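Trainee: Before we look at anything in detail, could you show me how to read helices and aromatic contacts in a model?

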Amino acid sequence: MVRTWAEKEMRNLIRLQTAGIPSPEPLLLRSHVLLMSFIGKDNMPAPLLKNASLSESKARELYLQVLQNMRKMFQEARLVHADLSEFNMLYHNGDAYIIDVSQSVEHDHPHALEFLRKDCSNVNEFFVKHGVAVMTVRELFDFITDLSITCHNIDQYLEKAMLVAAERTSEQRSDQDRVDEEVFKKAYIPRTLTEVSHYERDVDLMRTKEEESALSGHDDNVRNSNVPALLVDDHSSSEEEEEEEEDEEEADEQEQNEETSMDRKEKKKMVKEAQREKRKSKVPKHVKKRKEKVAKMKKGR
């Protein structure tokens, strides 16, 4: 089991390196032992982010770096860390190095989005303690999963998001904002359209709210829910339907095979019963031999 864990950590580290995310470079794997590059200076390991001494401006810079790396990890490496916090990042050369990815999961894992939401919450809680005006957990989650964000508009998106966060200090946050935050942390996150009962209605409502906010001069696109980014498109839904049809055909075929098998079993059972009845009236071999012997003796006389 430990060997499998080491293999998984190496695979995940390779994917982080390929995506350009600061992390240890895996060098060699032998059985359950993984050798990776040393993160530190003068034979001293880099401190955990938890223990690093950070100014407010440096903490803000690191926050932006970490959330962009979380997005890269999800969108490019196709992974969710699943245990990201200040305890699983090292502070080295002004960067936050992500470590301990053996428990990381594929982005399409059944619980990937729940793990991602927890990672967002952990990261926010740490940087809030260092005086950083952070996004809400919902906004950070949407930033990581939003497919419409590209290398061309990501800087503009982040600038706007951080401006909104700066204007919304902890004192200005209403009780309703705090309730909404807690509700999102515990809400069920759908992965496919089949898991949403009123998808079209909800999307229409969301668009109506966007239009109303645009007309009123309050552009809250950064805060809006990002339902389409979390769901599989219609093509995947049709694929699911095809798979269901194939499963039904296989089930029918299996049922027919079972019926044929049952017929064979019934026939075999009937043959066995007939043989059993026949054996009841059958003369035992030793009696039969004795009769044949007596008949021969009478014939000889």
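Trainee: Which residues are buried in H3?

Mentor: Keep in mind that this is a predicted model. As a general idea, an α-helix has 3.6 residues a turn, so residues three or four places apart point the same way. In H3 the buried residues are Ala112, Leu113, Leu116, Arg117, Asp119, Cys120, Ser121, Asn122, Val123, Asn124, Phe126 and Phe127.

Trainee: What span should helix H3 have at 1.5 Å a residue?

Mentor: Helix H3 covers residues 112-129, and its 18 residues should span 26 Å, which agrees with the 26 Å between its end C-alpha atoms. Just after H3, glycine 131 adopts a positive phi of about 80°.

Trainee: How many residues of H2 are buried?

Mentor: H2 is mostly covered, with 14 of its 20 residues buried; this helix, residues 56-75, reaches 29 Å from its first C-alpha to its last, close to the 28 Å expected.

Trainee: How many aromatic pairs does the structure hold?

Mentor: A pair of aromatic rings is described by the distance of the centres and the angle of the planes. The structure holds 3 aromatic pairs. In one of them, the ring centres of phenylalanine 126 and phenylalanine 127 lie 5.0 Å apart with the planes at 80°, so this pair is edge-to-face, angles over 60 degrees being counted that way.

Trainee: Where does the charged end of arginine 71 sit?

Mentor: The charged end of arginine 71 is placed over the ring of phenylalanine 143, 5.7 Å from its centre, while lysine 8 lies over the face of tryptophan 5, at 5.5 Å from the ring centre.

Key. Residues numbered from 1 in each chain as written. Predicted model: local features only at pLDDT ≥ 70, side-chain atom pairs only at ≥ 80, totals over all residues. Heavy atoms only, no water. Phe/Tyr/Trp six-rings, centres within 6.5 Å; stacked < 30°, edge-to-face > 60°. Lys NZ or Arg CZ within 6 Å of the ring centre and 35° of its normal. Helix = DSSP H or I, 4+ residues; strand = E, 2+ residues; numbered from the N terminus. Expected span 1.5 Å × (residues − 1). Buried < 20%, exposed > 50% of the residue type's maximum accessible area, 1.4 Å probe, protein only.
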